[in-house]
Amino acid sequence: MLLQETLELLETDKDEVVADDLKEAVDHGILVSKLAYLLSREMEMDKVFCYAMAQAGIVHDIGKLKLGRFLYKRSENILAVEEMKYIRMHPAIGYEILKKYDYKDNMLHAVYHHHENYDGTGYPDNLKADSIPVGGRILRVCDVYAALISNRRYRPAYDQETAIALMIEEVKNFDMKIFLAFLRVVHTGEFKKVNEFVSYINKEYGLPVH
Ligand SMILES: [Fe+2]
């Protein structure tokens with residue numbers, strides 16, 4: 001059924017734009033999924049929860065794909081502030097798509113709350129601290145790291161050290177306990193596999209990692 005949703009996204013006269021978005025979203029999804037699984041395991045969560053976070057990592061931005069097409073069609077005259085309003089809808093749109101399927105609540109809540117900041121400045125609900133579901137707090141850390149470490153159309157990837165330094169500057173956004181657990185994950189031997197994947201996706205886009 002999820003395949004059907006994805007195919008619907010591609011039914012457009014601007015296939016190439018959506019296909020590019022989809023390609024980037026798939027790589028980003030795999031990376032966040034790997035990180036969220038390793039982080040959940042480091043936090044000694046049970047296997048079912050770790051797997052739910054791996055699922056959430058894959059699809060957390062699925063709402064953005066739907067919105068991407070919508071924004072593209074209107075992008076000629078749209079105001080930046082209005083655009084931001086639509087972008088901020090993507091966690092809720094993703095949740096609406098996914099709730100039709102047989103996912104666990106903690107997975108769905110992680111998707112819905114993956115842009116909440118620990119200090120209450122995030123969206124969609126401006127939740128603060130431990131009122132943010134733990135899955136949302138886990139995805140927040142993994143999503144930001146994955147974005148910084150990856151090439152983007154508007155900038156090349158940051159190296160690991162710089163990415164972490166940038167996250168420390170914005171540490172108010174994160175649950176400190178979860179962020180510290182993430183730093184432990186980064187320093188495990190197993191993280192080499194994540195780095196290999198990062199190198200692969202970054203080289204594929206033809207830009208060097210600096
Ligand atoms: Fe997102």
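Okay, a definition to start: two residues are in contact if their C-beta atoms, placed from the backbone, lie within 7 Å. Also, this is a predicted model, where local features need pLDDT of at least 70, side-chain atom pairs count only at pLDDT 80 or more, and totals for chains, interfaces and linings use all residues. Residues are numbered from 1 along each chain as its sequence is written.

So, the protein chain has 11 helices and zero strands; helices (H or I, at least four residues) and strands (E, at least two) are DSSP runs, numbered from the N terminus.

Let's look at α8, residues 134-149. How much of α8 is buried? It's 13 of its 16 residues, where buried means 20 or more other C-beta atoms within 10 Å of a residue's own, again placed from the backbone.

Now, who does α8 meet? Val-144, Tyr-145, Leu-148 and Ile-149 in α8 meet Gln-160, Ala-163, Leu-166 and Met-167 in α9. The two axes come within 9 Å and cross at roughly 135°, with axes being lines fitted to C-alpha atoms over the stretch in contact, and angles running from 0 to 180 degrees between N-to-C directions. That makes α8 oblique to α9, since under 35 degrees is roughly parallel, over 145 roughly antiparallel, 65 to 115 roughly perpendicular, and the rest oblique.

Leaving aside neighbours within four places in sequence, Ala-36 is in contact with Met-53, Ala-54, Ala-56, Gly-57, Ile-138, Leu-139 and Cys-142.

How values were computed. The expected span of a helix is 1.5 Å times one less than its number of residues. A residue is buried if 20 or more other C-beta atoms lie within 10 Å of its own, exposed if 12 or fewer, and partly exposed in between; C-beta atoms are placed from the backbone.
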